[in-house]
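Trainee: I've got a new model open and I'd like to learn how to read it. Could you walk me through it?

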Amino acid sequence: MREVGCPEEDLFSFLLSRRQEDLGYRNILSSMCTPPHPVAARAHAMFLETNLGDPGLFPGTAALEELLVERLGTLMHFPKAGGYATSGGTESNIQAFRIAKKQKPVKSPNVVVPASSHFSFQKACDILGLEARTVPLDSEFRMDTEALDGLVDKNTVCIVGVVGTTEYGVVDPIASLSDVAEDRDVFLHVDAAFGGMVVPFLDRPVPFDFRLPGVASVSVDPHKMGMSTIPAGCLLVRNPEHFSCLNVDTPYLTVKRECTLAGTRPGASVAAAVAVLEYLGMDGMRAVVAGCMENARRLIDGMETLGYPRAVTPDVNVATFSCDRVPAGWRVSRTRNGHMRIVCMPHVTRDVIENFLKDMSDTNA
Ligand code: 0PR
């Protein structure tokens with residue numbers, strides 16, 4: 001550290017110069033995050049110093065966390081779901097595995113995950129000493145449920161399904177997974193980190209949540225399509241008692257036990273997440289999602305007209321193509337199979353899509 005502090009103006013011009021090295025979201029087509037909604041930014045600023053790790057000191061903020069869980073539980077068709085605000089999909093997925101493992105104490109526990117699952121499950125398996133069994137995908141990159149049953153055995157503590165896969169934006173056949181989970185009596189975790197804030201707002205949402213009796217837990221991230229500030233995730237469970245198996249004693253806090261992974265936890269991004277949901281309501285979210293889906297369709301049409309076929313027709317706003325080229329100045333990503341991947345987040349507006357397509361057609365020339 002410096003011996004003597006830096007004058008504020010010098011400090012902020014230093015910070016600004018670093019900040020200016022960051023890319024603006026305008027040309028970022030690869031991200032599942034998006035600039036926060038203005039009400040999220042405003043709410044975040046109001047709650048900067050709040051710490052949900054010691055909720056008795058911040059009962060108002062803690063009530064907002066409860067409201068977030070209630071709103072998201074209701075969105076997932078189970079207003080009585082238990083839950084808490086995590087730092088994002090990774091923490092939610094780790095915690096879901098912790099619960100599943102504690103529910104079924106076996107010697108060599110395994111989990112059955114689709115080949116499309118997010119890399120956070122690898123981290124979870126590593127931390128928890130779980131064997132990962134990978135279910136292959138069908139031709140549209142959804143879990144091939146034919147293969148599922150044979151991979152589940154008496155040591156399987158959890159089955160995972162994904163709603164809005166990271167790479168191809170498809171939804172696994174969660175209803176079939178729910179049947180298998182019930183038949184074989186296995187905990188089913190649904191990773192809806194991305195799709196959980198998309199599918200409920202579509203015209204004809206497929207059931208993927210607590211409406212399906214086999215679903216035990218759901219991850220859903222306000223800091224992705226929920227347009228909240230980072231970090232904001234949420235883990236919901238059908239049986240709130242399940243959290244008690246994660247409890248540790250916290251003798252000197254205002255609460256005597258906690259089940260969360262993190263200790264000190266931000267209230268600001270939780271207030272921001274609630275703010276967006278309350279401000280937009282179902283109607284506002286439907287409009288945001290409809291716009292993103294419409295833009296994804298326009299992008300797919302435009303790319304196919306240019307001779308770049310879609311890899312798959314997505315269920316959510318992630319578009320993928322057979323296309324090796326990228327016009328200068330744009331950030332896209334690549335799937336493991338080498339497809340170009342574009343996430344049509346709210347900042348990827350119709351204008352952005354048209355500019356990208358124009359640059360693509362110039363690249364073509
Ligand atoms: N589950 C799914 C289905 C996800 O897509 C992701 C992240 C996670 C879990 C993990 O969530 P957290 O990153 O919140 O822990 N999906 C994006 C990805 O890995 C995250 C992301 C966002 C990556 C913005 C890059 C980026 O610029 O692609």
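Predicted model: local features only at pLDDT ≥ 70, side-chain atom pairs only at ≥ 80, totals over all residues.

Trainee: Okay, how many helices and strands does the chain have?

Mentor: You'll find nine helices and 12 strands.

Trainee: UniProt marks a modified residue at K224. Where is K224 found?

Mentor: K224 sits in the loop between β6 (215-220) and β7 (233-237). The UniProt label, from an unreviewed entry, reads "N6-(pyridoxal phosphate)lysine".

Trainee: Is K224 buried or exposed?

Mentor: Start with the cut-off: buried means under 20% relative accessible area. K224 has 14% relative accessibility, so K224 counts as buried.

Trainee: And which residues is K224 in contact with, leaving aside neighbours within four places in sequence?

Mentor: Contact means heavy atoms within 4.5 Å. With those neighbours set aside, K224 touches M32, T34, G89, A193, F194 and M345.

Trainee: Zooming out, what radius of gyration does the chain have?

Mentor: Compare it with what a compact globule of 365 residues would have, near 21 Å; the chain has 21 Å, so the two agree. The C-alpha trace spans about 65 × 65 × 45 Å along its principal axes, and buried residues make up 51% of the chain.

Trainee: What about contacts between residues at least 6 apart in sequence?

Mentor: Of those, 71% join residues at least 24 apart.

Trainee: How many positive and negative side chains are there?

Mentor: Count 35 positive and 44 negative, with the centres of the two sets 1 Å apart. As for surface, the chain exposes about 16,900 Å², and carbon and sulfur atoms supply 53% of that.

How values were computed: Residues numbered from 1 in each chain as written. Heavy atoms only, no water. UniProt positions renumbered as here; feature names shortened; annotations may be inferred. Helix = DSSP H or I, 4+ residues; strand = E, 2+ residues; numbered from the N terminus. Buried < 20%, exposed > 50% of the residue type's maximum accessible area, 1.4 Å probe, protein only. Rg over C-alpha atoms; globule rule 2.2 N^0.38 Å. Areas by Shrake-Rupley, 256 points an atom, 1.4 Å probe, with all protein chains shown as cover. Lys, Arg positive; Asp, Glu negative; His and termini not counted. Charge placed at Lys NZ, Arg CZ, Asp CG, Glu CD.
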